[in-house]
Amino acid sequence: MTFGTELWDQWHEVEEFVSEGVRFMHGINEFMKKRAEIELEYSRSMGRLIKPYKDEIARRSGDKKASPVTKAIVDSTSMQAWTQVLAEAENIATIHQSISDKLDHELRKTIKYQANDNDKKIKEMFDEIRKANLEMQKQLTTLDRSRERFEVEKKSMEAARSAFEKISKNTKATDKEIEAAKAESDKRALLATDAMEAYQKCIGETNEKKNNHYTNFLPNILRDVQTNNENFNIRATRVALVKYHELLSTVIPTTIEGHENLSAAVQQMSAERDSELLISNLKTDEPVPPDYLFEEKASAKDMTVKRPATARTLARTESERLMDKDDDDTILAMPPKKGRRAAVERIKALERDQYDLEKKRQAVELLLHTYHQKPNKDPKNLDELNTQTAVLSVRLDNLGLRRHRLEAFVASIDNQPPPDLPAHLAGKSIQPVPSPVHCFPTIAPDAGGVSSPTGAAGSATANGGVVVESPAGANGAAAAGSGGSNESLSGGAGGVGGSSGFAASPRKASLNVLQSSKAVAKEWSTAASGPGRVRMMYDFEAAPGSQELSAAAGDVLEVLEKQDDGWWKAKLFVGGVWKEGFIPGNYTEAA
């Protein structure tokens, strides 16, 4: 296994790993330096200790006028033994001097040089990765701009075409006016075609750079990182520690047991094992990111959804998720410079959320208006739509109040007067968001339609009796007409699903009602056929105080009852006991 093929998506962690290896080498160098200083000081201390005793023996031995008693002492067996003790002590001092010199010149400086060299190489290689990532980000920005230009030209084309059709139907319009409108329509169509071709070309270029980045550049440079780390970090450290062991083994035989333990530990070091261990702990088996598709609302966020929502609540906005990290009060309490930066970022998030929620609210209101025109209304569906409208209104008011509060904070830091509070927010305060009702699939009796479990805004037919909620974040659309017609209320001639020939965006056309209702109804009617054993495909966490049952992906449960609204009563064996509760049926598969 290699870093390049297994850890291309974990290069930050790889950088941390190899950098830690360099810091580890610097730590060994610092230890060797201090050990050499201690050994040198020990040797010198031993020399100072030995010198007066050796001088005394030399003085007595060289004294030609020494008394017979002195000569007897000098030649005694006791003095010979003492002389040997001092010689041994002097030999130990010499050994420690040798240890200090070898540690300082043969080990420490080599490790220090190698660590500095590794540090430089690591920085160069990961700087290349950062530079390549920056280039990739620039390409994605170019793709976004190309897409935005295409959308602008497409809307202009649709507007020109609509104007031409309108003036063509006007009996009072002159031929000159009609010809001018037709020329403008043709011009806009040509510009839209050019923009589309540029967008598609940019997609091809982006995919080419993306594939080269993730399948060629990153794997190659990470393999170089691995090779450098194994050869000049792990193996170099191993060689240094082996030499350290050999040095101590030759001069300090009394520490054999400790040396054997050290030898065993050093012999166990393996560059290959270290690399495999890192890979086993970090690898995610994530595939290379999919190709960017030609669509009106291409977004990197669309590729990150890994599990469906439980559909019990509306999706949280970006600013609501940010509140989990730092709430508004925390930002207001920050130092001015840091607080202003955080407040500006939060205001931008709030602006985006207001735009998204307003689109959702308009879609729900349009759906509610269309639903009111049905001859046979389902009170449950009507209550759900009213509840969603109320929830969106409260959330929009809360976002507006939070935004005004942060804007006033920024204005105070900039020594500017605070902005005026919008008139529709006067006298209001931040309120708790109402809890929406459960929205799992139900079959409409008059048309066999379904209500989707995943969304907040939706689509409906006027005469078909179908109510479908689109995924959170998608704009609602309603289909009208008898006999199951499917013309989008948000489209029009040449719009999404119209006659322009452009592919429909998944964000603007959430579900094709007439095409999907039968398939979804069939899926849920089959799933609700009866109890049995099922396996959770996703993690599900029960709401506090509810009758729901928490379960993890992979858990096998016994289904006790399958309700028509999509909630299944099941039991799970946890901690030696059976627990019962409700789970979402669309989170399971047959066990």
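Val 534 has Leu 557 of strand E8 as its bridge partner. Strands E7 (residues 533-536) and E8 (residues 556-562) pair in the antiparallel sense over three bridges, where pairing requires that DSSP finds at least two bridges between two strands. The model is a predicted one, in which local features need pLDDT of at least 70 and side-chain atom pairs count only at pLDDT 80 or more, while totals for chains, interfaces and linings use all residues. Residues are numbered from 1 along each chain as its sequence is written, and side-chain values use heavy atoms, with hydrogens and water left out.

**Strands E8 and E9**

- Strand E8 is also joined to strand E9 (residues 567-574) by four bridges, and these two strands run antiparallel.
- Within this pairing, Val 559 has Ala 570 of E9 as its bridge partner.
- E8 and E9 form a hairpin with four residues between them. In the turn, Gly 566 has a positive phi of about 95°.
- In a regular strand, side chains alternate between the two faces of the sheet.

**The chain as a whole**

- The chain contains 12 helices and 11 strands. Helices (H or I, at least four residues) and strands (E, at least two) are DSSP runs, numbered from the N terminus.
- Of the 591 residues in the chain, 38% are buried. Buried means under 20% relative accessible area, exposed means over 50%, and partly exposed lies in between (1.4 Å probe, protein chains only).
- The accessible surface of the chain comes to about 33,400 Å², and 54% of this surface belongs to carbon and sulfur atoms. Accessible areas come from the Shrake-Rupley method with a 1.4 Å probe, and for residues only the protein chains shown count as cover.
- Among contacts (heavy atoms within 4.5 Å) between residues at least 6 apart in sequence, 70% join residues at least 24 apart.

**Salt bridges**

- A search of the whole structure finds 28 salt bridges. A salt bridge is a side-chain nitrogen of Lys or Arg within 4 Å of a carboxyl oxygen of Asp or Glu.
- Arg 23 and Glu 20 form a salt bridge at 2.7 Å, N to O. Both residues lie in helix H2, three residues apart, about one turn of the helix. Arg 23 counts as partly exposed because its relative accessibility is 46%, and Glu 20 is partly exposed at 43%.
- Arg 35 and Glu 39 meet in a salt bridge of 2.6 Å, N to O. They also lie in helix H2, four residues apart, about one turn of the helix. Arg 35 is buried because its relative accessible area is 18%, and Glu 39 is buried with a value of 5%.
- Arg 346 and Asp 328 form a salt bridge at 3.0 Å, N to O. Arg 346 belongs to helix H10 (residues 336-372) and Asp 328 to helix H9 (residues 328-332), so the pair ties together parts that are 18 residues apart in sequence. Both Arg 346 and Asp 328 are buried.
- Salt bridges that share partners join Glu 15, Asp 127 and Arg 130 into one network.

**A nonpolar surface patch**

- Leu 49, Tyr 53, Trp 82 and Val 85 make a nonpolar surface patch of about 380 Å². Helix H2 (11-61) and helix H4 (77-169) are the elements that give two or more residues to this patch.
- Patches are made of residues with over 30% relative accessible area and no salt bridge; like charges are joined within 9 Å, and nonpolar side chains (Val, Leu, Ile, Met, Phe, Trp, Tyr) within 5 Å.
- Tyr 53 is located in helix H2. Tyr 53 counts as partly exposed because its relative accessibility is 41%.
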